[in-house]
Amino acid sequence: MTEDFKILLDEAERFHGHLCAGLVIGARMAVAGLRELGIREPKGREGMNLVIWVEIDRCPVDAIIALTGRTPGRRSIKMIDYGKQAATFVDTRTPDAVRVSVRTGCLEKAELMAKGLGGFNDQRIALHEALASMPEEQLLALSRVSVTIGAQDLPGETLATTICQKCGETVKDGRQAVVDGDVFCRPCALGRSYYEEI
Ligand SMILES: [Zn+2]
Ligand SMILES: [Zn+2]
């Protein structure tokens with residue numbers, strides 16, 4: 001792998017806690033997405049308008065967060081868990097965005113490549129090297145897409161706050177549900193949540 005990519009990967013590893021194939025893939029996704037949007041320094045001013053939708057909750061996401069400086073708490077990482085290794089990089093000043101997805105079968109291809117690489121005692125390290133250096137078009141598919149972001153989903157100030165009439169908790173940013181004119185939080189409106197009271 002190139003020196004530049006190694007520096008990025010080290011940064012991602014520090015954030016993620018270990019080096020793994022998913023992290024290498026995520027770093028390559030970040031590099032591709034940023035390049036396509038013309039962003040060279042995402043952690044500086046250039047990154048202010050960058051919002052990234054990630055379609056999985058696994059290792060690649062940590063690489064994307066580490067290398068772009070975008071975070072869920074700043075509303076610049078949107079997690080929509082389709083269980084797919086894909087992410088869409090959006091410049092919120094324009095409707096243009098690029099979706100970067102990992103090609104099916106690329107891991108097997110990289111494993112084959114890794115077997116052909118000399119000088120590695122550890123096959124895992126050889127696999128990381130193969131994933132880092134395989135031609136981008138073999139690893140990733142890039143497509144131009146359009147993403148519409150509602151004002152209530154953009155980074156920045158909270159736009160609205162309401163109080164659920166059932167549980168009394170505060171609901172921010174238009175996430176409430178209105179049923180027959182009454183305002184509820186979504187779990188109260190639906191009558192179910194990811195947790196149960198015990
Ligand atoms: Zn990992
Ligand atoms: Zn409620």
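How close do the axes of α2 and α3 come, and at roughly what angle do they cross? I would like to start there, keeping in mind that what we are looking at is a predicted model. The two axes come within 7 Å and cross at roughly 45°, and α2 and α3 are therefore oblique to each other. As for handedness, the crossing in which α2 passes α3 is right-handed. On the α2 side the residues involved are Gly22, Leu23, Gly26, Ala27, Met29, Ala30 and Leu34, and they meet Cys59, Pro60, Asp62, Ala63, Ile64, Leu67 and Thr68 of α3. Sorted by class, this contact has 10 nonpolar, three polar and one charged residues.

Now let me turn to the other neighbour of α2. Helix α1, residues 3-16, and helix α2, residues 21-37, have axes that come within 10 Å and cross at roughly 120°, which makes α1 oblique to α2. This crossing, too, is right-handed. From α1 the contact draws on Phe5, Leu8, Leu9, Ala12, Glu13 and His16, and from α2 on Leu23, Val24, Ala27, Arg28 and Val31. By class, the contact of α1 with α2 has eight nonpolar, one polar and two charged residues.

The zinc ion listed as ligand 1 is coordinated by the NE2 atoms of His16 and His18 and by the SG atoms of Cys20 and Cys59, at 2.1 to 2.4 Å. Along the sequence, its donor residues are spaced H-x1-H-x1-C-x38-C. Within this set, His18 in the loop between α1 and α2 and Cys59 in helix α3, residues 59-68, form a pair that links distant parts of the chain, 41 residues apart. What geometry does the site of ligand 1 have? The angles among its four donor atoms run from 90 to 144°, and the site is irregular; the cut-off to keep in mind is that a tetrahedral assignment needs all angles between 85 and 135 degrees.

How values were computed
Residues numbered from 1 in each chain as written. Chains lettered and ligands numbered in written order. Predicted model: local features only at pLDDT ≥ 70, side-chain atom pairs only at ≥ 80, totals over all residues. Heavy atoms only, no water. Axes fitted to C-alpha atoms, helices over the stretch in contact; angles between N-to-C directions. Helix = DSSP H or I, 4+ residues; strand = E, 2+ residues; numbered from the N terminus. Parallel < 35°, antiparallel > 145°, perpendicular 65-115°, else oblique. Left-handed = near helix turned anticlockwise from the far one by under 90°. Contact = heavy atoms within 4.5 Å. Nonpolar A, V, L, I, M, F, W, Y, C, P; charged D, E, K, R; others polar. Donors = N, O, S within 2.8 Å, 3.2 Å for Na, K, Ca; no water. Tetrahedral: all angles 85-135°; square planar, octahedral: opposite > 155°, others 65-115°.
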